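This briefing goes through one protein chain, topic by topic. Please keep the sequence and the model in view while reading.

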Amino acid sequence: MNILLINIALRPESKVKLFPIGIGYIATAMKNAGFEFDFIDLDANRYSDKEVERLIQKKTYDVACMGCIVTGYSKVKNLAEMVRKYHKNAYIIVGNSVATSIYNILLSKTEADIAVMGEGDITIVDLLKTIDCGGDLKTVKGICYTKKNNIYCNPCREPIENISSLPHIDFSPFNIEEYIANAKEQISEDGININRNELRALPVNTARGCVANCTFCYHNFRGYNYRYRSMESILTEIREMITKYNLNYILFGDELTLFSRKRAEDFADAILESGLKFFWNVTCRADCFIKDSDLNILKKMKAAGCVSASFSLESSNAEILKAMNKHILVEDFSRTAELFHKAGITPSTSLVIGYPQETLLTIRDTFKCCAENRIYPSAGYLLPQPGSVMYEYAKEKNFIVDEEDYLLAMGDRQDLRLNMTNLSDQEMEEEVLAGLKYCNELLDIGLDQDHLIKTQYYRKAKK
Ligand code: SF4
């Protein structure tokens, strides 16, 4: 059976190339089960459409697998069409949230045949074995599929309870040096005492899912319990990666890494005890560290190599935070930021602008709050994700009329696609740019006008 695995480039115009951790787990599961495959990495290589077409025709494929987050729907649709043009009878399998959250649209409006629902590590192997031996798709848990223009959904697959038992990612199918060298484009914080050009980083996944349930968010582990790996399993993987790839920085690429003080302290203690030396960044909750005594935990994290921590404010307006279901208080966010600053760890945050309650004043206050806490925010507009509360709201209020049109235009959250406020697009965009400009000048960040919102295109220039 000839299998093709494709990694999609979600932002081909960006300098940043994020290692695709989900595809990494799927490729590892396929390899460990004995399935050989050809791999086209569109993100690492940024092929032109012509080159992609040439690679796809290289041989006759029986199966083509791809997947990404739902904002990449248009790319999946185009790619599936291209695969179908040359491989009439191939099974086209799609995973991640572009499958899970919109399987109906995916299976009815694109050339995809099978949507892998939720976690795919076990499902992909079961599915490939079934296809290989000519079995019946209805026996495979965790998929939806099309047959004679009908869509069938099989029972869900049970979540993997112990994610420490998952095999470590096998990086061999990837052009890993390209990702390691490029990773410095994602690293902008201070406090790293090595030359930026010598940074060698890769992501490590320590947890699946999130303890929160924000109304604008959808991720592929939504609906699963939050699960996290043992420190032993995480550090064994990091040790292997450092030895093999000479890494000096680990990007903890989870929705949420540090969910409690205890986890944070255990995390720092385990890294210190391991003797491993690397810098790292991490995600946590905005209300995780608010007591005076928490500073000791943050100092330990700093001693263990932590240089940056991300925790989301999203908005400084209490009514909007309630609508987001964030369950955080602005004073807790400020206290957490203060303690991270004191510990010498760079805090960062993200904003979601454009809830229906948003006004010019709420936008202004939110940027003021960031500036007061000495954080230049990663700002974006509300881009309702299918499967989220705000997506249903947008449909109900007729902001989204044709779902596929909306999905085809989704793109980056930094581009205003859907305005559900009483402000005009221009008013909102101007206020956001004014807020970013204010933070930029006050905090002396040094961004030019074109990079105030799309900061990832700038990072290389930062020394
Ligand atoms: S936005 Fe962040 S905190 Fe909220 S549910 Fe999604 S991953 Fe969790």
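Six salt bridges are counted between domain 1 and domain 2, a salt bridge being a side-chain nitrogen of Lys or Arg within 4 Å of a carboxyl oxygen of Asp or Glu. The model is predicted, so local features need pLDDT of at least 70 and side-chain atom pairs count only at pLDDT 80 or more, while totals for chains, interfaces and linings use all residues. Residues are numbered from 1 along each chain as its sequence is written, and side-chain values use heavy atoms, with hydrogens and water left out.

- Domain 1 puts 31 residues into the contact and domain 2 puts in 28 residues, where contact means heavy atoms within 4.5 Å.
- Between them the two domains bury about 2500 Å², with 56% of it on carbon and sulfur atoms; buried area is the accessible area (1.4 Å probe) that two parts lose on being put together, summed over both.
- Of the area that domain 1 buries against domain 2, Lys17, Phe19 and Glu119 supply 22%, more than any other three residues.
- Lysine 17 also forms a salt bridge with glutamate 178, and the closest N and O atoms are 2.6 Å apart.

**Features from the UniProt record**

- The unreviewed UniProt entry places "domain: B12-binding" at residues 1–138; UniProt positions are in the numbering used here, feature names are shortened, and annotations may be inferred rather than shown by experiment.
- Residues 1–138 are 44% helix and 16% strand, with end C-alpha atoms 20 Å apart; helices (H or I, at least four residues) and strands (E, at least two) are DSSP runs, numbered from the N terminus.
- Over residues 196–419 the chain is 39% helix and 15% strand, and the end C-alpha atoms lie 39 Å apart.

- Five strands form an open sheet in the order 8-11-12-13-14, with parallel pairing; two strands pair if DSSP finds at least two bridges between them.
- Strand 8 (201–204) and strand 14 (346–348) are at the edges with a single partner strand each, so one side of each has no neighbour in the sheet.
- Strand 8 runs parallel to strand 11 (residues 249–252), and four bridges join them.
- Leucine 202 has isoleucine 250 as its bridge partner in strand 11.
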